[in-house]
Amino acid sequence: MRKTKYTFLLVVLTIFADCSRVPITGRRQLDLVPDQQIHNMAQEQYNQMLDQERLSDDPEQVEMVQRVGHDIAAAIEQYFRDNNMEDELEDYDWEFNLIDDDEQVNAWAMPGGKVAFYTGILPVTQDETGLAVVMGHEIAHVVAKHGNERMSQALTAELGGVALAVAMRERPQQTQQLFMAAYGLGAQVGIMLPFSRRQESEADHLGLLFMAMAGYDPREAVSFWERMAEINRGPEPPELLATHPPTEQRIEDMQESLPEALEYYEQHAAAGN
């Protein structure tokens with residue numbers, strides 16, 4: 001009994017000691033996983049997943065995905081430099097790929113700047129600005145370190161808050177499963193579900209700001225999500241909507257965030273970028 005209480009106290013102390021803040025929003029989040037370690041795991045998993053998929057050979061679509069991705073990433077990096085936060089993006093190596101799968105209306109991102117889109121979402125994005133809505137959202141997950149946060153929560157709940165290196169050494173299979181779940185790449189772990197909507201809403205908010213920083217009109221986000229709402233009325237909603245807030249609610253939230261996003265959009269236009 002005494003040992004159980006000690007373990008619980010240790011986990012609580014770990015949680016309070018290892019907190020960081022999400023850039024821009026300032027929300028406190030659990031951060032037990034060193035960036036370099038999680039980036040290495042993400043790179044390996046990203047490469048494995050791409051090896052299992054067929055990448056698009058449409059040069060125009062591939063170029064568009066990569067151009068929009070690099071535009072938004074560059075704008076974020078400039079913003080972070082201007083605000084003395086460049087350390088937040090250390091060791092990021094941005095990579096944007098388009099997977100040839102018209103059935104998947106989806107996109108996802110992993111730590112360190114690894115992003116993938118499926119061709120199935122392009123008819124919904126319709127153009128560069130629509131694509132920038134999704135790209136900003138996915139990049140926001142990366143910059144806000146949502147996957148790191150979920151991995152930290154899983155390590156605390158499932159393994160008592162041990163360090164990632166220890167978990168990988170002593171329980172490699174379980175740790176790999178936690179990693180897959182943390183990034184939505186496998187079966188969900190119970191600890192993840194209560195936090196997913198909060199993180200998705202935060203990614204919506206940051207995504208609007210990020211696309212606006214890069215010169216993409218954030219007002220188009222509402223139109224994109226209205227199109228997604230039409231798809232959502234089908235028998236099976238796309239994976240992109242599976243754990244997200246209700247579409248109507250996220251549109252209302254985005255409309256509230258638009259004035260802030262438009263400030264960045266107008267600053268970009270005034271700078272003549």
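A salt bridge is counted here where a side-chain nitrogen of Lys or Arg lies within 4 Å of a carboxyl oxygen of Asp or Glu. The model is predicted, so that local features need pLDDT of at least 70 and side-chain atom pairs count only at pLDDT 80 or more, while totals for chains, interfaces and linings use all residues. Residues are numbered from 1 along each chain as its sequence is written, and side-chain values use heavy atoms, with hydrogens and water left out.

**View 1. The salt bridge between arginine 54 and aspartate 100.** The closest N and O atoms of arginine 54 and aspartate 100 are 2.0 Å apart. This pair links distant parts of the chain, with arginine 54 in the loop between helix H2 (35-51) and helix H3 (59-82) and aspartate 100 in the loop between strand S3 (95-99) and strand S4 (107-110), 46 residues apart. Helices (H or I, at least four residues) and strands (E, at least two) are DSSP runs, numbered from the N terminus. Arginine 54 counts as partly exposed because its relative accessibility is 47%, and aspartate 100 counts as partly exposed at 29%; buried means under 20% relative accessible area, exposed over 50%, and partly exposed in between (1.4 Å probe, protein chains only).

**View 2. The salt bridge between glutamate 95 and lysine 114.** The side chains of glutamate 95 and lysine 114 meet at 3.3 Å, N to O, and they link strand S3 with strand S5 (residues 114-118) across 19 residues of sequence. Glutamate 95 is partly exposed, with a relative accessible area of 26%, whereas lysine 114 is buried at 3%.

**View 3. The salt bridge between arginine 27 and glutamate 149.** The side chains of arginine 27 and glutamate 149 meet at 2.8 Å, N to O. Arginine 27 lies in the loop between strand S1 (19-21) and strand S2 (28-30) and glutamate 149 in helix H6 (residues 146-159), so the pair ties together parts that are 122 residues apart in sequence. Both arginine 27 and glutamate 149 are buried.

**View 4. The lining of the largest cavity.** A cavity is a set of points on a 1 Å grid over the protein atoms alone where a 1.4 Å probe fits but cannot get out, and lining residues have an atom within 4 Å of a point. The lining consists of Val133, His137, Ala203, Asp204, Gly207, Leu208, Trp225 and Met254. Helix H5 (128-143) and helix H9 (193-213) each supply at least two of the lining residues, and H9 gives the most, with four.

Terms used: On a 1 Å grid over the protein atoms alone, a cavity is a set of points where a 1.4 Å probe fits but cannot get out, and a pocket is an open set with protein on both sides within 12 Å along at least five of seven lines; lining residues have an atom within 4 Å of a point.
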